[in-house]
Amino acid sequence: MHRTHFREATPVLNDEWSAAYAKASDAVARLSLQEKVDIATGIGWMNGQCPCVGNTPAVPTIDYPSLCLQDSPMGVRYASEVSAFPAGVNTAATFNRTLIRARGVALGEEFRGKGIHVYLGPDMNIMRTAAGGRNWEGFGADPYLSGEASYETIIGVQSVGVQGSAKHFINNDQEHFRESSSSNVDDRAQHEIYLAPFLKSAQANVASFMCSYINGSWSCENDKMLNDIVKGEWGYPGYIQSDWGATHSTLAVNFGLDMTMPGDITFGSNTTYFGQALIDAVNSGDVPEDRVSDMALRILAAWYLLGQDEGYPETNIWAWDLNDPRNLHVDVQADHASLIREIADASTILLKNENGTLPLSAPGSIAIIGNGAGNNSQGINGCVDRSCNDGVLAVGWGSGTAEFPYLITPLDAITARAAEDGTTVTSSLSDSDTDRAAEIAAAADVAIVFISSDSGEGYLTVEGNAGDRNDLLAWHDGDALVQAVADANENTIVAVNTVGAIITEAWIEHPNVKAVVWSGLPGQEAGNSVADILYGAYNPSGRLPYTIAKSADDYPAQVLYESSAQVPDIDYSEDLLVDYRDFDANGIEPRYEFGFGLSYTTFEYDNLAIEGSAASDQSPPTGPGSSLDPWLHEPVVTVTFTVENTGEVAGHEIPQLYVTFPESAGSAPLNLKGFESVFVAPGETADVSLSLTRYDLSIWDVVSQSWVVPSGDATISIGASSRDIRLTGTVSN
């Protein structure tokens, strides 16, 4: 007999979900089996009826529209008059909840303006491997940072009435074999590392989850993950939709899947595992009709939760042809460009700055070098889903992209700013012509060389990289370009646009490399943001959301590139020791640690005080909804301290709170559990207060299947990075 855990996984409803469920229950009671199945079944891929990448049929009986689901996490894909926001990894690098939420609001406004019901994001997969192709869509290598960024993004998007979709559930951490591999993860590591951002998404009332392609037991019919954890342990009330083509059977509904996307078994097949096949399964007794009612209930509840039943704009895009008359070209950009520039500024990380090289102070001449400083020769949107590394790299490739309305190049922005000082600018936009690069560098007061590293989704291969990066080196032999420039100019600045870490050892200690500006993927304002940092219009405050190693082999996990197995095993043998946790536990010296970033000023920390305790006579909650029990998530410890700006420039400091659990816990040496972005004027002091919940101070106990606070003293470390600890104290539990 098929398991039907939906009966046991009764949703745990807060006030918002309760009201939505009441409306949805009334609606479902009026629906036929066919209509309930329709609500859960995508119409199909690009079949002439669908304006979006995903659509469900309208149900006139309850005035339910054709639901429009659309990419991507960094902007409206396949649309005009939209914005291209900084990528998720840049957003995380701000360590600034206010900016992260503001980006979410702006994204939501653009999706709503296009009449899109479901924003297919955010992506919150952990950067387990440094070369993972879609790392840049997510929020970095730390579960706490990723969780906070996911939470703020969802709150922002859904605040304007657009449904969020937490993806890709779960362990979808590389592109090679993503449709066939088995991700094998210990239960504790699964809960503490990989599930953590999704738990925060559920806490934010995210409308839906998107399950991935991962095999072993298909992600979209994994009874343990979908029924027992998401709908059981978390009591999640929303719906679970498949990634595009990730449904593998009709009986997936018995294991927790609520919606199939885009609907057809294979794109354009005009067949489906839902639709009539699901009706037949109900009639044969393989699927209880109550399960189908529950599917419709969850989907409709999310629709009501976001108020989409009243006054929601009609869908006005036609994703498949921007020139089609059904594409109404509604301009939704508003004033988002200024926010994009602010986030791009705040996410730029200053990694090196010797002798006060930056900010620039009216140099007589500047040489700008590298293809990454200029325009894409094929146009800003000239490559399918941005699948070429040509010109300034402002986003990776794949379904996580959007169409640029414009793209400011570093060459144009720096040239414009230099003109204000009467500075002469020369340029060479070739990555391979190192002779020309050295020639103009030698003749300039300052040389700025741009290098990049790209990646994306595995359905596209770019310069031999099938989604995942083949290595962690700068593309186009960027190391040689930097070396040639640095050999010729004693004031060399390296500007890096990248999807993630690259190995910098070939040039980082070159005596003429005076500064390194790490821009990541800043979106449409790429050039303006790097110019803002170079000239000091913005005091850099970005921090690394991952570790930059000295060698690719120093990372605890690598992409599995080759396997002859039908179902390749990807063993998460690093367990809890992801990214900086492994470097700390094994005494590996990074080039730049997690949380690192320089400023044009200096800060001092003082006056640490810790009040409260996670100790309690109450037993940890277990059973349905236990991981989201309010008792577990209420603040119980308050950590306060001061940050003084001891320099001469106003700026943001990013104090970070790390917890060291008692030795008996078997945890990593340091675990991020708090951060803040604090603006401090020169000579001023800011008071900082951070709160910790029982959840923050707990570990997952596999035996009791609950969150348990380890007994003993936990160390609280406050630092400017994971290896620049300024204050320490203890909390007794």
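**Ground rules.** I worked with a predicted model, where local features need pLDDT of at least 70, side-chain atom pairs count only at pLDDT 80 or more, and totals for chains, interfaces and linings use all residues. Residues are numbered from 1 along each chain as its sequence is written, and side-chain values use heavy atoms, with hydrogens and water left out.

**Val-659.** I found Val-659 in strand E18, residues 656–660 (helices, H or I, have at least four residues and strands, E, at least two, as DSSP runs numbered from the N terminus). Val-659 counts as buried because its relative accessibility is 0% (buried is under 20% relative accessible area, exposed over 50%, partly exposed in between, with a 1.4 Å probe and protein chains only). Beyond its neighbours within four places in sequence, I listed its contacts, among them Leu-670, Leu-697 and Ile-716 (contact means heavy atoms within 4.5 Å). The C-alpha atoms of Val-659 and Leu-670 lie 5.6 Å apart.

**Salt bridges.** I looked up the total, and it is 32 (a side-chain nitrogen of Lys or Arg within 4 Å of a carboxyl oxygen of Asp or Glu). Asp-142 pairs with Arg-581, with the closest N and O atoms at 3.1 Å. This pair links distant parts of the chain, 439 residues apart, with Arg-581 in helix H16 (residues 580–585). Both Asp-142 and Arg-581 are buried.

Next I checked Arg-341 and Asp-532, which meet at 2.8 Å, N to O. Helix H11 holds Arg-341 and helix H15 holds Asp-532. Arg-341 is partly exposed at 31%, whereas Asp-532 is buried at 9%.
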